[in-house]
Amino acid sequence: MERKIEIVSVELIKPLSPTPNHLRCFEFSILDQHVLTIPVPLALFYPSPHSDGGELYSYEQARSVHSSRLLLLKKSLSQTLARFYPFAGRIKYNLVECNDDGVPLYEAFAHNYQLEDVLRKPADVNKKFLPSTVEDGSLLLDSALYPLLVQVTFFECGGMAIGICASHKVADRATLCTLISAWSTIARGSPDNLVPEFVAAAKFLPPPIPHVPPKPIMPEVIIKVFFDKQRVTKFFAFDASTIASLKAKAVSDSVQAPTRVEVVSALIWKCAMVASGNEIRRLSQLVHNVNIRKRLVPPLPNHSVGNVVAISTSCKGENDGSDLLTLVTCIRKALSEMTSEFADKQNQEEAILTISYANAEFVAARFGGEIEIIHMSSLCGYQFYDVDFGWGRPSWVNPIKEIGINVVILMDSRDSSGVDTWICDNRLYMTKEG
C-alpha cells in the first residue's frame with residue numbers, strides 16, 4: 001500500500017497580542033544576511049495517548065484523539081508568538097517585517113505509516129514530516145518569506161509528529177532550541193520568565209551590507225555540490241559504553257579529558273579518510289559549526305535570536321597521523337584557537353568581521369576539491385528530547401530535512417548519554433575503529 005503524507009488543512013496562527021509599532025522591524029546582522037536561505041528543521045514524534053496501540057485510525061478519528069492536544073498547540077503557539085514576534089512576520093531584504101501575518105500551521109495525515117516504522121528507519125525520516133510551502137518538496141522553497149512553518153501530522157496508530165522549519169535567515173539551531181523550549185513550557189502552563197533577546201545579536205554583530213538583498217534561493221551550483229541527488233544518509237547511534245572506549249583511546253597530555261563530540265567527530269573524520277582512500281597522503285579538514293554566544297566578550301545570552309555561529313577548522317597535514325588521539329588533538333587545538341580569537345574586545349571585533357569571509361573560503365574549498373572536507377554540526381547539549389508539551393517526552397527527534405554531501409549532524413541520544421549521528425555522502429560508510 002502506498003505511503004503518503006496528506007496535507008488536510010492549513011491555518012495561520014497569529015500572535016495572541018499585536019506587536020507594538022516600535023518593534024515592527026527586526027534587522028539582520030551581517031551573519032544573518034550571509035547564511036543560505038535554507039530551513040532549520042526539527043521533527044518530534046510522540047506516541048499515541050492510548051496504551052493499547054493496536055487500533056488503527058482514520059484522519060478524523062486520529063484528529064479526535066488529539067483534539068485537545070491540537071487545540072493546546074495552537075493556543076500556546078499564539079502565546080509564544082507574542083514573545084517571538086518576528087517569527088509571525090515576513091522576511092523582506094535584510095529584515096523581518098513584524099506584521100503579525102501569522103505562522104502557517106499545516107495539519108497532515110500519514111497514510112499507511114506507523115510510528116514504529118519511523119523509529120526503525122531514522123535515516124529515512126526527513127522532509128515527509130516537515131512543513132513546506134510547495135507540494136513537490138523541492139529545496140527551492142517558496143518559504144523565503146516565512147520565518148517559521150509548523151506541521152502537525154497524525155498517524156494511523158494514534159501517534160503524532162510536530163515538524164518545525166525556521167528560516168536560517170532568522171534562526172540558528174540555538175535559536176530553534178530557545179523557541180521550541182519556550183513553546184512547550186507555555187503549553188504546559190509552567191511559569192516561564194524567558195524573554196527572547198532580539199536586540200543583542202543584531203547590535204553586537206556588524207549590521208548587514210546595505211543595498212545587497214539576500215538571495216531567496218541557493219544558486220544552482222551550490223545545490224549541485226552540497227545536495228547531489230546521489231547522496232546517501234546513514235544513521236549511527238553511539239552508546240555510552242562505545243563513547244567511553246573512544247575517550248580512553250583519545251586521552252593524551254594535550255587532551256586529558258576529551259568530550260563526546262570530540263571523540264565521535266574524530267572517529268567519523270578518520271572513517272571518512274579511510275573510505276576515500278586518503279587516510280595518509282591527502283590533506284583533510286574537519287569543519288565544526290560553533291555557537292559563539294558564550295565565547296564573545298561580554299557573552300551574549302543563550303536566548304539571543306539570530307545566527308551567532310562561526311566555524312572551527314581542524315586540519316590534518318600530509319605528515320600527520322590519522323589515529324584517534326592525533327585527530328582529537330587537532331580538533332581541540334582548533335577549538336582553543338577559536339576561543340582565543342574572542343578573548344579580548346579588540347581581537348574579537350576583527351574575528352567577527354572575518355566570520356563571513358571564513359565561510360566563503362570554506363565554500364570555495366568545497367568547490368575546489370583539493371582538500372577533503374567534512375562539515376560537522378553538533379546539536380549536543382540542546383536537550384530536544386526534553387521538549388514536553390504536557391504529554392511527555394518525544395519517542396524520537398529528527399533534526400534533518402536535507403543535508404549535503406560530507407555533512408554530519410550530531411545530537412544527544414534519548415537517554416542523554418550517547419550521541420546520535422546522521423552522515424551524508426555518496427560514498428561515506430562507517431568502518432570499524434581498532
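Reader: Why are α9 and α10 called oblique to each other?

Author: In this predicted model, the axes of α9 and helix α10 (residues 324–341) cross at roughly 120° and come within 9 Å. Axes are lines fitted to C-alpha atoms, for helices over the stretch in contact, and angles run from 0 to 180 degrees between N-to-C directions. Angles under 35 degrees count as roughly parallel, over 145 as roughly antiparallel, 65 to 115 as roughly perpendicular and the rest as oblique. The α9–α10 pair is therefore oblique. Residues are numbered from 1 along each chain as its sequence is written, and side-chain values use heavy atoms, with hydrogens and water left out. Local features need pLDDT of at least 70 and side-chain atom pairs count only at pLDDT 80 or more, while totals for chains, interfaces and linings use all residues.

Reader: What makes up the contact of α9 with α10, by class?

Author: Residues of α9 including Val263, Trp269 and Met273 meet residues of α10 including Leu327, Ile331 and Leu335, where contact means heavy atoms within 4.5 Å. By class there are 11 nonpolar, one polar and three charged residues. Ala, Val, Leu, Ile, Met, Phe, Trp, Tyr, Cys and Pro count as nonpolar, Asp, Glu, Lys and Arg as charged, and the others, Gly among them, as polar.

Reader: What is the relation of α8 to α9, roughly parallel or roughly perpendicular?

Author: Helix α8 (residues 240–250) and helix α9 (residues 260–276) cross at roughly 85°, their axes coming within 9 Å. The pair is therefore roughly perpendicular. In α8, Ile243, Leu246, Lys247 and Ala250 meet Arg260, Val263, Val264 and Leu267 of α9. Six residues of this contact are nonpolar, none is polar and two are charged.

Reader: Why is α3 called oblique to α5?

Author: Helix α3 (residues 67–83) packs against helix α5 (residues 173–188) at an angle of about 120°, with axes 9 Å apart. That angle makes α3 oblique to α5.

Reader: Which hand does the crossing of α3 and α5 have?

Author: The crossing is right-handed; the term applies if the near helix is turned clockwise from the far one by less than a right angle, and anticlockwise gives left-handed. The contact of α3 with α5 has eight nonpolar, three polar and no charged residues.

Reader: What makes β1 and β13 edge strands?

Author: In the open sheet β1-β6-β7-β8-β3-β13, whose pairing is mixed, β1 (4–13) and β13 (396–398) each pair on one side only. Two strands pair if DSSP finds at least two bridges between them. The twist averages 15° from one strand to the next.

Reader: How do you know that β3 and β8 pair?

Author: Strand β3 (residues 39–46) and strand β8 (residues 160–167) share eight bridges in the antiparallel sense, and pairing requires at least two. Leucine 42 has isoleucine 164 of β8 as its bridge partner. Helix α5 packs on this sheet, touching β3, β7 (148–155) and β8.

Reader: Where does pLDDT stay under 50?

Author: pLDDT, the predictor's confidence in each residue from 0 to 100, stays under 50 over residues 134–141. Residues 428–434 are also below 50, and this stretch has 22 contacts in the model beyond near neighbours in sequence. Where pLDDT is low, the predicted coordinates should not be read in detail. The chain mean is 84, and 84% of the residues reach 70 or more.

Methods:
Helices (H or I, at least four residues) and strands (E, at least two) are DSSP runs, numbered from the N terminus.
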